[in-house]
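Q: Could you walk me through this one? I'd like the fold first, then some individual residues.

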Amino acid sequence: MLKYLYIIGNGFDLHHEINSSYGNFYEWMNENNPDVIEKTDEIYGICDEEWWSDFENQLASLDTIRYSSEIAFENQPDLLSE
C-alpha cells in the first residue's frame, strides 16, 4: 500500500486568505479576551501591533527574575496577622 506525505510550508494559510497571523490573533484576543491582552501588557509592557507581529521572539524577552520578584513582593505573607 502506498502512503503519501504532504508537507505544506510556511505561508500556506496566508496564501489561502486564512487569518492566522499573530496580528489576527491579537485582534481576536482583544475582542474576545481583553483581560489576556491587559495581563500581557502588564507583564511585558505595552504590547502594540509591532510587538505582536514578532510574538514568538517577544515571549522569550521576559525578564523572569524581575517578574517573579514583583510577584513575590506583591504576595508577601502578612506574618503579623492571626
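Predicted model: local features only at pLDDT ≥ 70, side-chain atom pairs only at ≥ 80, totals over all residues.

Q: Fine. How many helices and strands does the protein chain have?
A: The protein chain has six helices and zero strands. Read along the sequence, the pattern is α-α-α-α-α-α.

Q: Is the chain spread out or compact?
A: Spread out: the radius of gyration of the protein chain is 20 Å, well over the 12 Å that the globule rule gives for 82 residues, so the chain is more spread out than a compact globule. Along the principal axes, the C-alpha trace spans about 70 × 35 × 25 Å.

Q: What share of the residues is buried?
A: Buried residues account for 12% of the 82 residues in the protein chain. The chain exposes about 7500 Å², and carbon and sulfur atoms supply 54% of that area.

Q: And contacts that join residues at least 24 apart, what share are they?
A: They are 27% of the contacts in the protein chain between residues at least 6 apart in sequence.

Q: Which residues form the largest nonpolar core?
A: The largest nonpolar core has seven residues: Tyr26, Met29, Ile37, Cys47, Trp51, Trp52 and Phe55.

Q: Which elements give two or more residues to this core?
A: Helix 2 (22-32) and helix 4 (49-53) do. As background, nonpolar side chains tend to be buried together in soluble globular proteins.

Q: Staying with helix 2, what about Phe25, where does it lie and how accessible is it?
A: Phe25 lies in helix 2 and is partly exposed, with a relative accessible area of 35%. From the C-alpha of Phe25 to that of Asp35, ten residues apart along the chain, the separation is 14 Å.

Q: On to helix 3. Is Ile43 buried or exposed?
A: Ile43, which lies in helix 3, counts as buried at 15% relative accessibility, because the cut-off for buried is under 20%.

Q: What is Ile43 in contact with, neighbours within four places aside?
A: With those neighbours left aside, Ile43 is in contact with Leu62, Arg66 and Tyr67. Ile43 and Thr64 are 21 residues apart in sequence, and their C-alpha atoms are 9.9 Å apart in space.

Q: Switching to charges. How many salt bridges are there?
A: The count comes to one salt bridge. Glu42 forms a salt bridge with Lys39, and the closest N and O atoms are 3.1 Å apart.

Q: How are Glu42 and Lys39 placed in helix 3?
A: They are three residues apart in helix 3 (residues 34-44), so about one helical turn separates them.

Q: How accessible are Glu42 and Lys39?
A: Glu42 counts as exposed at 55% relative accessibility, while Lys39 is partly exposed, with a relative accessible area of 38%.

Q: What is the backbone phi of Glu17?
A: Phi of Glu17 is near 55 degrees, a positive value in a residue other than glycine. For context, most residues other than glycine have a negative phi.

Q: Where does Glu17 lie?
A: Glu17 lies in the loop between helix 1 and helix 2. Glu17 is exposed, with a relative accessible area of 71%.

Q: Now the surface. Which residues make the nonpolar patch?
A: Leu2, Tyr4 and Tyr6 make a nonpolar surface patch of about 480 Å². Of these, Leu2 lies in the segment before helix 1 (12-15) and is exposed, with a relative accessible area of 68%.

Q: And at the other end, where is Leu80?
A: Leu80 lies in the segment after helix 6 (64-74).

Q: Buried or exposed?
A: Leu80 is exposed, with a relative accessible area of 84%.

Q: How far apart are the C-alpha atoms of Leu80 and Ser69?
A: They are separated by 22 Å, with Leu80 and Ser69 eleven residues apart along the chain.

How values were computed: Residues numbered from 1 in each chain as written. Heavy atoms only, no water. Patch = residues over 30% accessible without salt bridge, like charges linked within 9 Å, V, L, I, M, F, W, Y side chains within 5 Å. Areas by Shrake-Rupley, 256 points an atom, 1.4 Å probe, with all protein chains shown as cover. Salt bridge = Lys/Arg side-chain N within 4 Å of Asp/Glu carboxyl O. Helix = DSSP H or I, 4+ residues; strand = E, 2+ residues; numbered from the N terminus. Buried < 20%, exposed > 50% of the residue type's maximum accessible area, 1.4 Å probe, protein only. Rg over C-alpha atoms; globule rule 2.2 N^0.38 Å. Contact = heavy atoms within 4.5 Å. Core = buried A, V, L, I, M, F, W, Y, C linked by side-chain atoms within 4.5 Å.
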